Amino acid sequence: MKKLLLILGIPAVLFGIVVLMAIGTYNGLVTKEQSVDAAWAQVENVYQRRADLVPNLVATVSGAADFEKSTLTAVTEARASVGRAQLPSTGAPESAAAFAQFEQAQAQLGSALSRLLVTVERYPQLTATAGFRDLQAQLEGTENRISVERGNFNRAVQTYNTAIKRFPAVMVAGLFGHEAKPYFSADPGASEAPKVNFGG
């Protein structure tokens with residue numbers, strides 16, 4: 001009888017250990033995925049903050065006499081394209097195409113803002129106003145936050161992507177549909193903050 005229990009007990013114990021390991025691995029992957037989603041939420045927050053500053057910036061700049069309307073139009077259109085980027089309502093995007101669309105739209109807005117701010121340098125009476133200087137300071141802070149949050153997001157994604165490719169987590173990840181998530185790329189100019197220094 002003892003021999004029979006021993007024969008049946010060993011596989012049962014081993015099975016229990018495997019199940020506990022699988023549960024632990026699954027929970028670890030869920031935690032890492034939640035970290036990615038939290039980092040993504042911060043990225044969205046800082047990009048939204050920049051988008052929210054654009055109407056005030058455009059309104060302030062458009063008050064200057066003879067300001068180049070084409071430059072303002074480019075900024076307004078770039079901001080609108082950011083709003084058209086289709087992303088999931090919760091969590092970081094898993095589709096590389098959707099992520100690329102979002103990144104491209106944000107890069108276009110950053111580029112349009114850069115051109116606007118360079119153009120503004122020709123209007124010293126405008127850059128001297130308190131309203132514009134306040135917007136300038138807010139934009140500087142926002143661009144710095146964007147850079148920081150993009151870096152935090154990429155680190156969270158790297159941790160998650162590494163975890164789902166390691167053994168035995170790769171088996172659990174495949175079983176429960178955990179897939180690699182896209183990173184922010186470092187395309188030339190895409191991640192550069194607009195130059196907002198009007199001191200010179």
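This is a predicted model: local features need pLDDT of at least 70, side-chain atom pairs count only at pLDDT 80 or more; totals for chains, interfaces and linings use all residues.
**Aromatic contacts and helix packing**

F99 has a relative accessibility of 2%, under the 20% cut-off, and therefore counts as buried.

The structure holds nine aromatic pairs. Among them is the tilted pair of W40 and F99, at 5.7 Å centre to centre and with 45 degrees between the planes. Because W40 belongs to helix α1 (residues 2–62) and F99 to helix α3 (residues 96–120), this pair ties together parts that are 59 residues apart in sequence. W40, at 1% relative accessibility, is also counted as buried. Ring pairs join W40 and F99 with Y47, F102, F153 and F184 in a cluster.

Helix α1 also packs against helix α2 (residues 69–84): the two axes come within 10 Å and cross at roughly 165 degrees. The angle is over 145 degrees, so α1 runs roughly antiparallel to α2. The crossing of α1 past α2 is left-handed. On the α1 side, the contact is made by A51, D52, V54, P55, V58, V61 and S62, while α2 contributes K69, L72, V75, T76 and R79. Sorted by class, the contact contains seven nonpolar, two polar and three charged residues.

Conventions:
Residues are numbered from 1 along each chain as its sequence is written. Side-chain values use heavy atoms; hydrogens and water are left out. Rings of Phe, Tyr and Trp (its six-membered ring) pair if their centres lie within 6.5 Å; planes under 30 degrees apart count as stacked, over 60 as edge-to-face and the rest as tilted. Helices (H or I, at least four residues) and strands (E, at least two) are DSSP runs, numbered from the N terminus. Buried means under 20% relative accessible area, exposed over 50%, partly exposed in between (1.4 Å probe, protein chains only). Axes are lines fitted to C-alpha atoms, for helices over the stretch in contact, and angles run from 0 to 180 degrees between N-to-C directions. Angles under 35 degrees count as roughly parallel, over 145 as roughly antiparallel, 65 to 115 as roughly perpendicular and the rest as oblique. A crossing is left-handed if the near helix is turned anticlockwise from the far one by less than a right angle, and right-handed if clockwise. Contact means heavy atoms within 4.5 Å. Ala, Val, Leu, Ile, Met, Phe, Trp, Tyr, Cys and Pro count as nonpolar, Asp, Glu, Lys and Arg as charged, and the others, Gly among them, as polar.
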